[in-house]
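Student: Could you take me through a few features of a model, giving the general idea each time and then the case at hand?
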Amino acid sequence: MNETGRMGTRPPDRDTHTDDIDLSAIAGSGLTQSYGRAVAESSNAAGWAATEANVILIAHPDGKHLGTRYRLSPGEVLEIGRSPELSLSLPDVPSVSRLHARLAHGEEAVTLEDLGSTNGTYINGRMVHGPERLRSGDRFQVGAAHFKFLHEMDVEHAYYEAIYELVTRDGLTDVHNRRKYQEEVEREFARARRHGRPLSLVLVDLDEFKEINDRCGHLCGDFVLKRVALVTAELLRPEQTFARLGGDEFAVVSPETDVAGAQELAEKVRARVADLDYRYAGQLVPITCSVGVAGLDRTMGKPDDLYMAADRALYRSKQAGGNRVTVAGA
């Protein structure tokens, strides 16, 4: 949360995942160095079984190495874990077991198998119990590290699609990230000002999230963030932009929506989050959220003014005990 714009002194929560990707770093990394060879090999491939698979790191608990690409050739096995001897080693991710999972490129499929890890292996949020087939575009999780799997004949298209997703989506929750939020709010702010149309912003922040991380661990915190993102997205219209701004703060940019409409949406989000049964490893995790709502008015000259108004309203919700919605100026 942007503490510089808040009157209180609540310490910022530790953001274990970030999508503020440095594109210049990606361009100069090993991710692109072998790109030309990949395209050539793909174009000469006789079929599916001859096509190389690609695994791209899209989320890391410390934001490290995002965009790193791992290649899996036909007939090859790629083992994942903390051991430095493995082909995909993650020694700086404690939630990953020493020998955690295995990728295998067979004649008919690329499969992912958990190897008895402590924290499990997941495909698209579902736990893996045996060797399971991966499809191009699938996301899989090993401990707190998240990957995107690509196995496309059109390597060029798939590669750039993955990079675009990497820089516009949050690797943990799969909703838009701060970069995408900034693009959309600037565009909608200019349009609303030019045509005199309504525009509202809803900010959502989980209550006592740092305590959940400290008491139950960051994997539990990740689980909560993904559930909150999923249920919130279900309440939104296609034209609304939903983004994770960092930590446990989310934003909904709502074009063609006045303050009353945004407040109604905010109440639905608050109630939906509070009513969910969050259970992680058999433990009940009580979750509520605080929400701030602001609408565009004539005094606002830039998008940050709209954000600051919603942020102040959110702070008032926190100060009043949380689990409530506050509208700027009310």
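Student: Which residue forms a salt bridge with Lys318, and how far apart are the closest N and O atoms?

Tutor: This is a predicted model, in which local features need pLDDT of at least 70, side-chain atom pairs count only at pLDDT 80 or more, and totals for chains, interfaces and linings use all residues. Residues are numbered from 1 along each chain as its sequence is written, and side-chain values use heavy atoms, with hydrogens and water left out. Side chains of opposite charge can pair when their charged atoms come close. Here Asp207 is the partner of Lys318, with the closest N and O atoms 3.0 Å apart, where a salt bridge requires a side-chain nitrogen of Lys or Arg within 4 Å of a carboxyl oxygen of Asp or Glu. The pair links distant parts of the chain, since Asp207 lies in the loop between strand 12 (199-206) and helix 6 whereas Lys318 belongs to helix 9, 111 residues apart. Across the whole structure, the search finds 22 salt bridges.

Student: How do the axes of helix 5 and helix 9 cross?

Tutor: Helices are DSSP runs (H or I, at least four residues) and strands likewise (E, at least two), numbered from the N terminus. Axes are lines fitted to C-alpha atoms, for helices over the stretch in contact, with angles from 0 to 180 degrees between N-to-C directions. Helix 5 (residues 178-195) and helix 9 (residues 303-319) have axes that come within 9 Å and cross at roughly 110 degrees. The two helices are therefore roughly perpendicular to each other, given that angles under 35 degrees count as roughly parallel, over 145 as roughly antiparallel, 65 to 115 as roughly perpendicular and the rest as oblique. Tyr181, Gln182, Val185, Glu186 and Phe189 of helix 5 make the contact (heavy atoms within 4.5 Å) with Pro303, Asp304 and Tyr307 of helix 9.

Student: At what angle do helix 6 and helix 7 cross?

Tutor: The axes of helix 6 (residues 209-216) and helix 7 (residues 218-233) cross at roughly 135 degrees and come within 6 Å, which makes helix 6 oblique to helix 7. In this contact, Phe209, Ile212, Asn213 and Cys216 in helix 6 meet His218, Cys220, Gly221, Val224 and Leu225 in helix 7.
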